Amino acid sequence: MALELTWSIPAVKRRLATGEIYEIDWVCTANDGDHSSKLSGTTLHNADKDAEGFVDYNSVTKDLALSWVYGSIDKAEMETLLTVQIAEMSAPSTGSGVPW
């Protein structure tokens with residue numbers, strides 16, 4: 001199986017009175033069928049309901065929220081880190097233990 005990278009958003013924090021999203025929790029999971037690994041984090045956003053282009057909480061899609069995350073982190077670096085981790089799991093270059 002080829003390496004599959006999946007981005008998800010398990011939670012967002014918002015201001016109830018205004019619908020402003022100010023925090024997004026994200027997860028990127030890598031899976032090659034035999035091994036899996038994930039990275040996760042939180043991005044902070046300065047939402048302003050009076051700003052041009054503001055999107056209210058009820059109108060935000062997963063793809064839009066992911067685009068905000070990608071604008072706040074280095075997506076390519078995260079995916080590279082996971083790819084390297086899976087490659088190391090598939091063909092380890094180090095080991096641990098005792099010789100007896």
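Trainee: What percentage of the 100 residues of the protein counts as buried, and how should I read that word?

Mentor: Burial is a matter of relative accessible area: buried means under 20%, exposed over 50% and partly exposed in between, with a 1.4 Å probe and protein chains only. In this protein, 22% of the 100 residues count as buried. Bear in mind that this is a predicted model, in which local features need pLDDT of at least 70 and side-chain atom pairs count only at pLDDT 80 or more, whereas totals for chains, interfaces and linings use all residues. Residues are numbered from 1 along each chain as its sequence is written, and side-chain values use heavy atoms, with hydrogens and water left out.

Trainee: How many helices and strands does the protein have, and in what order do the elements run from the N terminus?

Mentor: Elements are DSSP runs, numbered from the N terminus, with helices (H or I) of at least four residues and strands (E) of at least two. The protein has two helices and three strands, and from the N terminus on they follow the order β-β-β-α-α. With a radius of gyration of 18 Å, well over the 13 Å that the globule rule gives for 100 residues, the protein is more spread out than a compact globule; the radius is taken over C-alpha atoms, and the rule is 2.2 Å times the number of residues to the power 0.38. Taken along the principal axes, the box filled by the C-alpha atoms is roughly 65 × 30 × 20 Å.

Trainee: What share of the contacts in the protein with a separation of 6 or more comes from residues 24 or more positions apart?

Mentor: A contact means heavy atoms within 4.5 Å. Among the contacts with a separation of 6 or more, 56% join residues 24 or more positions apart.

Trainee: Where is Trp 26 found, and is Trp 26 buried or exposed?

Mentor: Trp 26 belongs to strand S2, which covers residues 21–31, and with a relative accessible area of 5% this residue is buried. Leaving aside its neighbours within four places in sequence, Trp 26 has contacts that include Trp 7, Pro 10, Leu 39, Thr 42, Val 69, Ile 73 and Met 78.

Trainee: Which residues do Ala 65 and Leu 66 touch?

Mentor: Ala 65 lies in helix H1, residues 62–70, and Leu 66 is found in helix H1 as well. Ala 65 is buried at a relative accessible area of 4%, and Leu 66 counts as buried at 7%. Not counting residues up to four places away in sequence, Ala 65 touches Ile 9, Ile 24 and Val 60, while Leu 66 is in contact with Trp 7 and Ile 9. The C-alpha atoms of Leu 66 and Ser 8 are 7.8 Å apart across 58 residues of chain, whereas Ala 65 and Leu 5, 60 residues apart in sequence, are separated by 17 Å, C-alpha to C-alpha.

Trainee: Is Leu 44 buried or exposed?

Mentor: Leu 44, in strand S3 (residues 36–44), is exposed, with a relative accessible area of 65%. Beyond its neighbours within four places in sequence, Leu 44 is in contact with Tyr 22 and Glu 23; the C-alpha atoms of Leu 44 and Glu 23 are 4.6 Å apart in space, at 21 residues' distance in sequence.
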